[in-house]
Amino acid sequence: MELLKKRITKDGKALSENILKVDSFLNHQIDPSLMDKIADEFCGKFSGTAFNKILTVESSGIAPAVMTGLKMGIPVVFAKKAKPSTMNEEYYSATVHSFTKQKNYEISVLSKFIKKGDRILIIDDFLANGSASRALIAIAEQGGAKIDGIGIVIEKGFQNGGKLLRELGYRIESLAIIDEMSLNSIRFRD
Ligand code: 5GP
């Protein structure tokens, strides 16, 4: 997605060779107009698949997921990182290893929001080593749902999450794939 690549080039900041900061349009301040176009791209790429639900993880996956859910006309469920005290109902959970924070944490979804036979589109802001996506897949599977696609805003192609998940047979559509990054340059895959 050219517009996204241009925006990453203009406003993204590589904090190191493997961490990209995009807090001016995706991870802190959000550009709704860009989210709208991102959602159009996801709708186009997944146009042949009849999803009935989007699954993401708080917080940065929510904006692109909600925009896409609006256009697809389907609900969006986000996995919670902190288990709230109101979660006294049955829930599914899985462990994520945070690449950026270098620690493990649990994510959970109330079981009433994932149903057997659901056809789920996972959406997330970044794909690095694939831990967040794999945890969302595990949660969906606990509920008997099927993952029919994974939509990623920014994939870091030099980390192995995309390769791993594609080898497992998942259909991943990434709107921008970064093959190499340094403090002053970002190289995208064509
Ligand atoms: P993974 O689980 O695939 O290793 O990493 C994906 C998750 O980690 C995303 O949900 C995202 O929040 C975070 N993440 C991974 N790499 C980056 C990065 O370079 N920049 C930012 N801002 N977040 C990242």
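## Exercises on a predicted model

Ser59 sits in the loop between β3 (53-57) and α3. The structure is a predicted model. Work through the tasks in order.

**Exercise 1. Which residue does a cis peptide bond join to Ser59?**

Step 1. Read omega for the bond. The value is about -5 degrees.
Step 2. Name the partner. The cis peptide bond joins Glu58 and Ser59.
Step 3. Most peptide bonds are trans.

**Exercise 2. Find the aromatic pair and classify its geometry.**

Step 1. Search the whole structure. One aromatic pair turns up.
Step 2. Take the two rings, Phe46 and Phe51. Their centres are 5.6 Å apart and their planes stand at 80 degrees, so the pair is edge-to-face. The cut-off for that class is over 60 degrees.
Step 3. Check each residue for burial. The limit is under 20% relative accessible area. Phe46 has 1% relative accessibility, so Phe46 is buried. Phe51 has a relative accessible area of 9%, so Phe51 is buried.

**Exercise 3. Describe how helix α2 packs with helix α3.**

Step 1. Locate the helices. α2 covers residues 32-45 and α3 covers residues 62-72.
Step 2. Read the geometry. The angle is about 55 degrees, and the axes lie 8 Å apart.
Step 3. Name the arrangement. The angle makes α2 oblique to α3.
Step 4. The crossing of α2 and α3 is right-handed.
Step 5. List the contacts. From α2 come Pro32, Met35, Asp36, Ile38, Ala39, Asp40, Phe42 and Cys43; they meet Ala63, Pro64, Met67, Thr68, Lys71 and Met72 of α3.
Step 6. Sort them by class. The contact of α2 with α3 has ten nonpolar, one polar and three charged residues.

**Exercise 4. Is Glu155 buried or exposed?**

Step 1. Locate Glu155. Strand β8 (residues 146-156) holds Glu155.
Step 2. For Glu155 the relative value is 2%, so Glu155 is buried.
Step 3. Look at the neighbours. Leaving out residues up to four places away in sequence, Glu155 touches Leu127, Gly162, Arg166, Ile172, Ser174, Ala176, Ile177 and Ile178.

Key: Residues are numbered from 1 along each chain as its sequence is written. This is a predicted model: local features need pLDDT of at least 70, side-chain atom pairs count only at pLDDT 80 or more; totals for chains, interfaces and linings use all residues. Side-chain values use heavy atoms; hydrogens and water are left out. Rings of Phe, Tyr and Trp (its six-membered ring) pair if their centres lie within 6.5 Å; planes under 30 degrees apart count as stacked, over 60 as edge-to-face and the rest as tilted. Buried means under 20% relative accessible area, exposed over 50%, partly exposed in between (1.4 Å probe, protein chains only). Axes are lines fitted to C-alpha atoms, for helices over the stretch in contact, and angles run from 0 to 180 degrees between N-to-C directions. Helices (H or I, at least four residues) and strands (E, at least two) are DSSP runs, numbered from the N terminus. Angles under 35 degrees count as roughly parallel, over 145 as roughly antiparallel, 65 to 115 as roughly perpendicular and the rest as oblique. A crossing is left-handed if the near helix is turned anticlockwise from the far one by less than a right angle, and right-handed if clockwise. Contact means heavy atoms within 4.5 Å. Ala, Val, Leu, Ile, Met, Phe, Trp, Tyr, Cys and Pro count as nonpolar, Asp, Glu, Lys and Arg as charged, and the others, Gly among them, as polar.
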